[in-house]
Amino acid sequence: MIDAAIAGLIGILQWKALLLMMVGIVISSTLVAMPGIGSKTAIALLLPIAFTLNQFEAICLIMSVWAVSNTANSITSILFSVPGGGGSQATIMDGYPMAKKGEAARALAASFTSSAIGGIIGAIVLLVAIPILRPLVLLLGPPEFFMLVMVGIAMVGALSGKAPVKGIIAGGLGLIISMVGVHIITGLHRFTFDQIFLIDGFKLIPVTIGLFAIPELIYMGVKGTGISDLPLGDLSKGRKQGIQDAFTHRWLILRSSLIGVWVGIIPGLGSAVADWFAYGSAKQTCPGARETFGKGDVRGVIAVDAATNAKEGGSLIPTLAFGIPGSSTLALIFGGLIIVGITPGRDMLTKDLHLTFSMIWLLIIGTIITSILCLTFTRQLAMATKLRPTLMIPVILVMAVIGSFAASSRFEDVLIMFAFGTIGYFMRAGGWPRPPLLLGLVLGPIAERHMWTSVQLHGVDFLWRPGVLIIFALLVVCVAYPMFQDRNSKLRAQETES
Amino acid sequence: MKKFTGPLALGSLLAGVAAWGIADTQAVNAQGFYKGKTIKMVVRSAPGGGYDFYGRLLARHMAKYIPGNPNMIVINMPGAGGIVAANYMASRAKKNGTEIAILTRELALAQRTKEIGVRYDLEKLSALGSAASSTFLVVLGKNQPIRTYQQLKDSKKTVLFGATGPGSGSYQYPSLLKKDGFNVKIITGIIGGSARFLAIERGDTHGTANSYESTRKAIKELGLIPIFYNGAPHKALPVPHMSTLLSKEGKQLAALLGAPLAAGRPFYTTSGVPADRLKLLRDAFKAALHDKELLKEAKRAKRNVAWTAAGVMEKVNQEILGASDAVISAYKSGAKKVYVKHTAPVTKIKKKGKRIYFTYKGKEIKVKVSGKRTKVQVNGKKVKRKAIKIGMTCKFKFAGPGGEAKYIKCK
């Protein structure tokens, strides 16, 4: 195994491979930072070049685009409240309020640093998991996946803040919206009204951009100031502070990274919800988070970015062990890597172990380089928050429109974005939490599918499988712990008062 | 009369110029039309996956066989199982031969079964040819006793097949078996071949149906056992072809499902492309599929390449479009709900007629009666569901025990 680790490292440390890695990183960090343009587009563009390369070089070029995409994704989330991609929605929750407070540099620096550490943790978990990858994935069947998703749904409570009833309603609304389209189990069309663009349902990116970016634009226009009306302060100091923040909250990073890895392991769940899971869990477990989260708490940014990058290591687990891509991006990557003779599956853990190690090394080296690169430009990026609204509003609006359109090249998606923009505006104005709606939208179909398959396989008895019971116990802890903690702190407050 | 000579002369001159112009355009068509132009290659699915692979492969290698050496760009247009891209080609794409598309192989079937959203007419699109043929294979896991088709047919134990969902091949093949009276059950919601192999390895299911290209590796690694196949014959497959098995209706359905496999990666252009330009595209398509570099790339990617002529593709499409209503309705019932017909006396009524009980295969079962969807008749007259009384002998058409009744006709 050590031989393979060394061979893997040497493979990607050749000058051509390193150069291609840098190309991948730069392309990814610039292209992926644009909302709606995900790493998938960048990879599809680069694949033809990869055909002419050797295995290590192809890994360096293609995987580096993917490995670092989450780092740059956060930039637009923090600066403009426009999510750069599926995995950077929750960064908005505290990143954007920080930018509004004039702390954009600190938020960006904290985000980049925690992203690097998260990526490394994800890679290490993957490394440790190699010997047990196959048995681990074999343990988890549809019933266990269903219960894991349920743990996610329990997060709605945490993400609802002080308005749990509104949160549950918003979550329910998300579930209803998620039902639009062809029902995968029966082939029936649900709520499509014979409209062809509704057959594939509502896409996450236009919905998210609508919910989060459009309301901010309206507020910005009404207020007549830029994103931040407070002085920016010393940007270099802000950056230093952000890096320090990440190291101060190292346990939070570790916890969030592990959540990210766990979410990554579940195929199809990964990219869109790891951030919300980490955010919800941080909100439940960090002292005083209930009061400060959502108002520009750096811990909200750190938790999210550590998790989104760590999940990449996790999502490689089912891909490498069984050839089941953890996400659609990985499906594309391995579709391309097959051409240079790298086939996911059992071989990756035996004969081609050195290639697996190359990927792990790449995850580590790539995230570090990207974070350093992004940190270098933090000051320039942060200045964007001081631009006047007459300039910012059209720029962000164009980004929002292109972002919605680019995800699947459908004009209808732009209309959907504006429709959800209106909904988002009223939700924000009325104090309705928006994250539960997104969570409902993402988790609804996954929960439904795993439940159907479980019932077909085992009937209702699937709920009594040991794995399911263990995960259910975890769910109970997740829900009960914050309540218990709340009561304790109230009791303590009463004691001190008396 | 004299006065008309001038305009007449002018008219004939103009006509002459126009005719010369047309002749000239055709000459340009045949050779120089594509010079400096860009051809759009529309791919019916998102980046990644088979259709995208073949679309991009052709986009890389086809241009050099088209005089004028045009640029080729790839545009992914996913949606509604390929219907979005087909609708685009039929209505919005430029009709001058600068847009070509790899469309879904089930296009003809979707048109024949009048699927929601279909706004194209395949006979009005011009086929270029297909880049690969496909084979569909039914496999079982090694940890169960069945090894052959006959054993599967005689199996007393229910054999579980993992499938994506109705409409997919993984669902259609086991449902064909089910229609032929095999003791199989389809477990839906397991998306992707690898996930279904994993379900077999985990012991959740016993088998699945999948394309041979994606199953080959699993046969070797997991010891999966091929049972039978459909579509293009394969030397490496020592099992029977589906056309030699099943009942008469089953065979017809197998042929219907197998036809599109012959043209597994179909390419089209729009209608209205001048004949010589269409020929040019078809020739370039054929030449590209015999290109050494293309074949090398496909081999590295472990994808098969087999050129099918446009004429063959059109014939296959006509066959599917001309399939009898009986076969299509049988196909549809396999893809969606299976209704059972049974006549028996009503034994119990619950929830004010919303649940009706009767004996079916020696067991008392219930069916749901919808006030809106279920047609209820007593003595040939349309009535409300509460008019059904215990003891009446009724003919039921229903979606299995516990399912909803389509109609109940009582005497």
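Two residues are taken to be in contact if their C-beta atoms, placed from the backbone, lie within 7 Å. In the structure described here, which is a predicted model, this criterion gives a view of how chain B is connected along its sequence: among contacts in chain B between residues at least 6 apart in sequence, 72% join residues that are at least 24 apart.

Chain B contains 13 helices and 17 strands. The radius of gyration of chain B is 28 Å, well over the 22 Å that the globule rule gives for 411 residues, and the chain is therefore more spread out than a compact globule. Along its principal axes, the C-alpha trace of chain B spans about 95 × 70 × 35 Å, and 43% of the 411 residues of the chain count as buried. The domain assignment divides chain B into domain 1 (25-129 + 263-329), domain 2 (135-257) and domain 3 (340-410), with the C-alpha centres of domain 1 and domain 3 of chain B lying 50 Å apart.

Within chain B, 7 strands form an open sheet of mixed pairing, in which the order is S13-S12-S11-S16-S17-S14-S15. Strand S13 (363-368) and strand S15 (381-382) of chain B stand at the edges of this sheet, and because each has a single partner strand, one side of each is left without a neighbour in the sheet. Strand S16 (residues 393-398) and strand S17 (residues 405-410) of chain B run antiparallel and are joined by 5 bridges; in this part of the sheet, Phe396(B) stands opposite Ile408(B) of S17(B).

As to the nonpolar cores, the largest has 252 residues, and those with the most contacts inside it are Ile43(A), Ile59(A), Cys60(A), Ile62(A), Ala278(A), Leu362(A) and Met89(B). The largest share of this core, amounting to 16 residues, is contributed by helix H4 (residues 55-80) of chain A. For Ile59(A), when its neighbours within four places in sequence are left aside, the residues in contact are Ile12(A), Leu355(A), Ser358(A), Met359(A) and Leu362(A). In soluble globular proteins, nonpolar side chains tend to be buried together.

Technical notes
Residues numbered from 1 in each chain as written. Chains lettered and ligands numbered in written order. Predicted model: local features only at pLDDT ≥ 70, side-chain atom pairs only at ≥ 80, totals over all residues. Core = buried A, V, L, I, M, F, W, Y, C linked by C-beta atoms within 7 Å. Buried ≥ 20, exposed ≤ 12 C-beta atoms within 10 Å, placed from the backbone. Helix = DSSP H or I, 4+ residues; strand = E, 2+ residues; numbered from the N terminus. Domains from an automatic or database assignment. Pairing = 2+ DSSP bridges. Rg over C-alpha atoms; globule rule 2.2 N^0.38 Å.
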